[in-house]
Amino acid sequence: MEALRTLIIILLTSVLVNNYVLSRFLGICPFLGVSKKLNQAVGMGVAVIFVMLMATAATWPIQTYLLDRFGLGYENYRVYSRNSRARSAC
């Protein structure tokens with residue numbers, strides 16, 4: 001029973017308090033643009049999840065096997081911000 005309560009608390013805090021998209025304003029433009037129709041909003045939500053999964057799959061090995069292994073954690077900004085000057089479409 002206590003484990004279920006802990007899982008519910010984690011779920012609520014991740015959805016309401018620690019929401020990655022809303023706290024970082026990532027994906028907010030598509031969220032606001034297609035949230036009028038349920039089918040389009042669900043499709044855009046799936047697309048955002050897919051992009052986040054692919055980005056994580058691409059960056060995790062770099063972080064784990066290259067930067068952390070050789071003590072180059074301070075190079076995060078330089079490695080991941082190559083296109084930091086790109087502007088959002090919104």
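User: What distance between its end C-alpha atoms does helix H4 (residues 38–67) have, and what span should its 30 residues give?
Analyst: Helices are DSSP runs (H or I, at least four residues), numbered from the N terminus, as strands are (E, at least two). The expected span is 1.5 Å times one less than the number of residues. For the 30 residues of H4 that should come to 44 Å, which agrees with end C-alpha atoms 41 Å apart.

This is a predicted model, in which local features need pLDDT of at least 70, side-chain atom pairs count only at pLDDT 80 or more, and totals for chains, interfaces and linings use all residues. Residues are numbered from 1 along each chain as its sequence is written, and side-chain values use heavy atoms, with hydrogens and water left out.

User: Where does H4 bend?
Analyst: The bend at a residue is the angle between axes fitted to the seven residues ending there and the seven starting there. In H4 this angle is about 25 degrees, and Pro-61 follows within four residues of the bend. The site is Thr-59.

User: Which geometry does the pair of Trp-60 and Tyr-65 have?
Analyst: Rings of Phe, Tyr and Trp (its six-membered ring) pair if their centres lie within 6.5 Å; planes under 30 degrees apart are stacked, over 60 edge-to-face, the rest tilted. The count by this rule is 1 aromatic pair. Trp-60 and Tyr-65 lie 5.6 Å centre to centre with 80 degrees between the planes, so the pair is edge-to-face.

User: Is Trp-60 buried, exposed or partly exposed, and which class does Tyr-65 fall in?
Analyst: Buried means under 20% relative accessible area, exposed over 50%, partly exposed in between (1.4 Å probe, protein chains only). Trp-60 has 47%. Tyr-65 has 44%. Therefore Trp-60 is partly exposed, and Tyr-65 is also partly exposed.

User: How far apart are the C-alpha atoms of Ile-62 and Asn-76?
Analyst: Ile-62 is found in helix H4. At 33% relative accessibility, Ile-62 is partly exposed. Asn-76 is 14 residues away along the chain, and the C-alpha separation is 9.7 Å.

User: Which side chain meets Arg-5 in a salt bridge?
Analyst: A salt bridge needs a side-chain nitrogen of Lys or Arg within 4 Å of a carboxyl oxygen of Asp or Glu. The count is 1. Both partners lie in helix H1, 3 residues apart, about one turn of the helix. At 3.9 Å, N to O, the partner of Arg-5 is Glu-2.

User: What accessible area does the nonpolar surface patch with Met-1 have?
Analyst: Patch residues have over 30% relative accessible area and no salt bridge; like charges are joined within 9 Å, nonpolar side chains (Val, Leu, Ile, Met, Phe, Trp, Tyr) within 5 Å. Met-1 sits in the segment before helix H1 (2–17) and is exposed at 85%. Other members include Leu-4, Ile-8 and Leu-11. By the Shrake-Rupley method with a 1.4 Å probe, where for residues only the protein chains shown count as cover, the patch has about 880 Å².

User: What share of the chain is buried?
Analyst: The chain has 5 helices and 0 strands. Its accessible surface is about 8000 Å², 67% of this from carbon and sulfur atoms. Of the 90 residues, the buried share is 6%.
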